[in-house]
Amino acid sequence: MNPMWLIIVISFFRTLPRELEESARIDGCTDIGVFWKIALPLSKPIIATFTLFYAVQYWGDYFNALLYISDSTKYPVMLLLQNIMTMADMRFGEVDALIEAPDESLKLAVIVVATIPIMFVYPFLQKHFAKGMLLGSVKG
């Protein structure tokens, strides 16, 4: 877990009103009940925000697959796209005249393919995203 994100989540939970927890305890809730019935419903914005953060982080990760997967048929999409980008930058020495390296349009197409899934997820989390980013921040 990213330490900065953990600090934001902790500060968010510290800003939840104690009165809600006290009233739930008076009504007979246990610690688990307070968490499930009070804290978790109030933390939907922060959960949505960090779900999007982690989705973007793991969608763009190709290095772990590069280290641990040796079978090229099992490569994730980002590693395949990284290989395409690397091959676009390679020079082939004497055979360079025979093999035409992909131009910038291929690189731009790779970027579009890489961002499309996140672009589909973002509108569903957008209403929570701005509020979740600001909820755990330091108030002055």
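## Lining of the largest pocket

Helix 1 (3–15), helix 2 (18–26) and helix 3 (31–42) each contribute at least two residues to the lining of the largest pocket in this predicted model. Helices are DSSP runs of H or I with at least four residues, strands are runs of E with at least two, and both are numbered from the N terminus. Helix 3 is the greatest contributor to this lining, with six residues. A pocket is defined on a 1 Å grid over the protein atoms alone, as an open set of points with protein on both sides within 12 Å along at least five of seven lines; a cavity, by contrast, is a set of points where a 1.4 Å probe fits but cannot get out, and lining residues have an atom within 4 Å of a point.

The volume of the largest pocket is about 220 Å³, where grid points are joined across faces, edges and corners and the volume is the space filled by probe spheres set on the points. Its lining comprises 13 residues, of which F13, L16, R18, E21 and A39 are the closest to the centre. By class, nine lining residues are nonpolar, none is polar and four are charged. Here Ala, Val, Leu, Ile, Met, Phe, Trp, Tyr, Cys and Pro count as nonpolar, Asp, Glu, Lys and Arg as charged, and the others, Gly among them, as polar.

## Basis of the model

Residues are numbered from 1 along each chain as its sequence is written, and side-chain values use heavy atoms, with hydrogens and water left out. The model is predicted: local features need pLDDT of at least 70 and side-chain atom pairs count only at pLDDT 80 or more, whereas totals for chains, interfaces and linings use all residues.

## Overall architecture

The chain contains seven helices and zero strands, in the order α-α-α-α-α-α-α from the N terminus. Of its 140 residues, 21% are buried; buried means under 20% relative accessible area, exposed over 50%, and partly exposed in between, with a 1.4 Å probe and protein chains only. Among contacts with a separation of 6 or more, 59% join residues 24 or more positions apart, a contact being heavy atoms within 4.5 Å.

## Nonpolar core

The largest nonpolar core consists of eight residues, namely W5, V9, F12, L16, A39, I46, F50 and F53. Helix 1 and helix 4 (44–59) are the elements that give two or more residues to this core. Such a core is a set of buried Ala, Val, Leu, Ile, Met, Phe, Trp, Tyr and Cys residues joined through side-chain atoms within 4.5 Å. Apart from its neighbours within four places in sequence, F50 is in contact with W5, I8 and V9.

## Aromatic pairs

Seven aromatic pairs are found in a search of the whole structure. In F12 and F13 the ring centres are 5.3 Å apart and the planes stand at 70°, so this pair is edge-to-face. Rings of Phe, Tyr and Trp (its six-membered ring) pair if their centres lie within 6.5 Å; planes under 30 degrees apart count as stacked, over 60 as edge-to-face and the rest as tilted. F12 is buried, at 2% relative accessibility, whereas F13 is partly exposed at 33%.

F50 and F53 form another edge-to-face pair, with 5.2 Å from centre to centre and 80° between the planes. Both residues lie in helix 4, three residues apart, about one turn of the helix, and both are buried. Ring pairs also join W5, F50, F53, Y54 and Y58 into a cluster.

L20 belongs to helix 2 and is partly exposed, at 33% relative accessibility. Beyond its neighbours within four places in sequence, L20 is in contact with I38 and L42.

L106 lies in helix 7 (residues 104–135) and is partly exposed at 29% relative accessibility. The C-alpha atoms of L106 and I84, 22 residues apart along the chain, are separated by 8.4 Å.
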